[in-house]
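This briefing covers the ligand site of one structure. Please read it with the sequence and the model open.

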Amino acid sequence: MFPDVLKKIPLTFLIITGLFLSGCGGGSDDSSADSDTLTIGFIQTGAESDWRKAHTVSVKEEAEKRGYNLKFADGQGKPENQIKAFSSFVVQRVDAIILAPIVETGWETALRKAKAAGIPVLILDRTVDVSDDSLFATYVGADTYQEGIQAAEWVVKETGGKANIVELQGTPGSSPAINRLKSFKSVIDQHPGLKIIDSQSGDFRRANGKQVMEAMLKKHGPENIDLVYAHNDDMALGAIQAIEEAGLKPAVYIKLISIDAVRAAFEAMVDGKLNCVVECNPLQGPLAFDLLEKILAGETVAKDNRVKDEVFEMAHAAEDIKTRAY
Ligand code: GZL
């Protein structure tokens, strides 16, 4: 099967080398392309939620449509994986990098390397905390601070300013979790009858949201929880499961509001199990590539570019779900 010269090389070495050269055995994939096609390195957080999956599809489909060679690196929820992938894209001298950072911090050195190599970086979805914003070319995402405000304003209206609230936070250190906690609290604190009696991280994951909600029901007693504020739909859906398994009616005995507006959240509203959803639009691919093309053509673009969000309530969900794009 093997020519004589290869017979002397251990088979395991050949298999590992083959895997490495074929790009297998890691969280990345890339389409092969000829040399004059632009190559973009895209570093994603992972696949922690339905929202994230829609976000990845939006970027991949747009790159495909525009004929880019997209090298995809899946952070798999670990910031260290993203840093490694970022350095690798700089070494490979890709034409540009799109980064959706799991957490805000730890990006200064990597961004300085890309800048020194003349590789523009577009920050997508979540923000980075750096001393000098010339380290990245532009930012595209939703206004996650405003989303927390919109959620709190709905809570004030829905409860008449009186409720015990439990909060399911997103990934610690991520800009959406930081923003949605701060902005929600800034409105709630103006109403003495509204109390956030507990706030824990569910890491934007459904299973974690369920576990945290089970613990909160046990710790406080269901009778002392009026409303759940979840930083994303996946955790809200987990909380709904926990409330149902406790023999209680979600959205009735305990109200729920969450952020993202993915299809499963609309289905829960149609089923009468979720009261309100604040949108966080993941369809950011088209705007990202519009801006990236301007940057690669040497044009100056706005540093901060936001997609639009809306608020959706249970009463209109059966109608709204018909036109949802994700
Ligand atoms: C928000 C985005 C968040 C979503 C979650 O901009 O980063 O990450 O709200 C996702 O569903 O996991």
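Predicted model: local features only at pLDDT ≥ 70, side-chain atom pairs only at ≥ 80, totals over all residues.

Which domains does the shell around the ligand draw at least three residues from? Domain 1 (11-140 + 282-306) and domain 2 (144-280) each supply at least three residues of that shell.

**Location and burial**
- The largest cavity is where the ligand sits.

**Make-up of the shell**
- There are 13 residues around the ligand, and those that come nearest are Glu48, Asp125, Arg126, Arg180 and Asp260.
- Sorted by class, the shell holds 6 charged, 4 nonpolar and 3 polar residues.
- At least two shell residues come from helix H3 (50-65), and at least two from helix H7 (175-188).

- In aspartate 260, a polar side-chain atom lies 2.5 Å from an oxygen atom of the ligand.
- The side chain of arginine 126 has an N or O atom 2.8 Å from a ligand oxygen atom.
- For serine 49, the distance from a side-chain N or O atom to an oxygen atom of the ligand is 2.9 Å.
- The ligand taken alone exposes 320 Å², and the protein buries 100% of that area.

Notes:
Residues numbered from 1 in each chain as written. Heavy atoms only, no water. Near = heavy atom within 4 Å. Polar contact = N/O pair within 3.5 Å; in protein donor to acceptor, adjacent residues only side chain to side chain. Areas by Shrake-Rupley, 256 points an atom, 1.4 Å probe, with all protein chains shown as cover. 1 Å grid on protein atoms, 1.4 Å probe; cavity = no way out; pocket = protein on both sides within 12 Å on 5 of 7 lines; lining within 4 Å. Sits in = over half its atoms within 2 Å of the grid points. Helix = DSSP H or I, 4+ residues; strand = E, 2+ residues; numbered from the N terminus. Nonpolar A, V, L, I, M, F, W, Y, C, P; charged D, E, K, R; others polar. Domains from an automatic or database assignment.
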